[in-house]
Amino acid sequence: MSGAHDQRVLVFAPIGRDGPASVELFRGSSLEAINCRDLAELVTEMVNGVGTVFVAEEALFGKDTGPLAQWIESQPPWSDLPFVVLTSHRDQPAVVAWRRSIVSLLRNVSLLERPVQPMTLTSAVQSALRARRRQYEIRTLLAAREQIAQELEKLVAERTRALAETNEQLRLEMEERARVEETLRQAQKIEAIGQLTGGVAHDFNNLLMVISGGLDMLDRQTDPNRRRRLMDGMIQAAQRGASLTRQLLAFSRRQTLRPEPVDVAMQIGGMRELLDRSLRGDVHVEFDFPDQLWPVEVDPGELELVILNLAVNARDAMPNGGTIVVRGENLPDVSEEEISGDYVRLSVVDTGVGMPPEILSRVFEPFFTTKEIGKGSGLGLAQVHGFATQSRGTVRIKSQLGQGTAIELYLPRSEDIPSKHRHLIDFNKARPKKNDQGQVLLVEDDEEVAALVGEMLAQLGYGVTRAASAAAALGALADGRPVDVIFSDIMMPGGMNGVELAREIKRRRSDIPVLLTSGYAEASVHEAQNAGIQILPKPYQLEELAAALSAARSGLRLDAAAKRSNSC
């Protein structure tokens, strides 16, 4: 088909003067018109190129329209050639039926009835040509798309070859990376063990401090009550050591649990005194248990340790105080991927600082902790997760920065009646008496260590004021209490460690000497030495404490203690 012929008007009106007259009319309107004398010539010209066809209906009477129908049926998808048909007044049924067949044959038809005005005929033909031009535009777009598709296929073929080469290179690089990653995993294992042992070493040194110091104090005590408190403290320290071991086993899901039906409200509600002693005075605990809370099938002792663990975490997340809510809820017919059936949701909700998403996504990872070095092994929440999983439940966490955190334990319902016996965890507090050696402000967040050191200080003749954090210690100084020496742990909650506390005290009260101690002092020993602050490493005995306090008060330095601190 010739592009030059695309806008031609083919006229097929062989009877009378209609054909030549129509050609002259169209040419007068600047249209290219061709007069076709028979149907064969019409079809030939259509093959050469056509914009529209003007045909008188009588020209098709009795003619073999097969070639015309074949051309119309063979049009490409973009083409629908417009026909303008001039009809007569004849309306006999046979003529009307034949006319309908012609309209069906030609498909895209405009009918004009004689007589027709020249302007009307010209306008109809021009309208048909405009419609045809739009079809040619579509043809051009389709051709362009086809060309682009072919170019794209070629590009894809070239890109596929390039990708095959690149993939081969990547395969070689991945093999090399696998070798490097294996080496890195070994290094990370060593680092993880180091991180774990750092936290565990601090915890065990605190326990050893209670036990070794308590044994040393037993021979110096004649008061049965004080000897009993020392014995209780050492027993509890041993229990805490066993608890730490259970944490490690729970993390690895290797501990032996003894599940039984447990009344959650009674078991957890009975921890009020323990929680109050384990938390700071500015942290309040509320229980929210419905009257008909279902019993659960868990190890009661491990459940209490988990709640205590979560409460201490919540306390650390609220440096300025706040409220912890322990809530129980019945969840019937739970149907989820991890759990299915009746469950009790036990939540520990705080009003603390919350966690950003990047921390939230890692809280259950073993050895991961945001606490200061030596303040935790990173196994607390991993232990909670292990306990929940071993108990056929699960644990979830919700947290937003500035809006607090909720840890949710999902524990399976028990159909049995729980026992009225409650597993107990008890901690006794030593209450040292004031004596004539002076007043010591003891800054220690660990309850058992604080109780033992209080006894030791009392044995040395000191009166003791206890503070559980640096902020509390500064508050005690601000109250104007008499203080002759400050004895503080280095690692403490609340954002300020012992070295920073000592610097702040020197700024406020340069007349008060400061002695520091830690079970894991390596991270701060150089900082303390540079600041001229003495460190007494844990565990220590009574004579070492007495010598360190005396040296601190006299402004001297214990070289032996410094050497031990360096080797800690």
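Which residues form a nonpolar patch on the surface? I put this to the structure first, noting that the model is predicted.

**Entry: surface patch.** I looked up the nonpolar patch and found that Leu152, Leu155 and Val156 form it. Together, these residues have about 280 Å² of accessible area. I then located Leu152, which is found in helix 5, residues 118-218. I recorded a relative accessible area of 49% for Leu152. Leu152 is therefore partly exposed, because the exposed class requires over 50%.

**Entry: peptide bond geometry.** I next examined the bond that joins Arg114 and Pro115, and I noted a cis peptide bond with omega of about -15°. Pro115 lies in the loop between strand 5 (109-113) and helix 5. Helix 5 is also the element in which I had placed Leu152.

**Entry: positive phi at Ser30.** I looked up the backbone of Ser30 and found phi near 65°, a positive value in a residue other than glycine. I placed Ser30 in the loop between helix 1 (18-28) and strand 2 (33-35).

**Entry: positive phi at Asp333.** I also checked Asp333, which is not a glycine and yet has a positive phi of about 50°. In which strand does Asp333 lie? I found Asp333 in strand 9, residues 322-335.

Key: Residues numbered from 1 in each chain as written. Predicted model: local features only at pLDDT ≥ 70, side-chain atom pairs only at ≥ 80, totals over all residues. Heavy atoms only, no water. Patch = residues over 30% accessible without salt bridge, like charges linked within 9 Å, V, L, I, M, F, W, Y side chains within 5 Å. Areas by Shrake-Rupley, 256 points an atom, 1.4 Å probe, with all protein chains shown as cover. Salt bridge = Lys/Arg side-chain N within 4 Å of Asp/Glu carboxyl O. Helix = DSSP H or I, 4+ residues; strand = E, 2+ residues; numbered from the N terminus. Buried < 20%, exposed > 50% of the residue type's maximum accessible area, 1.4 Å probe, protein only.
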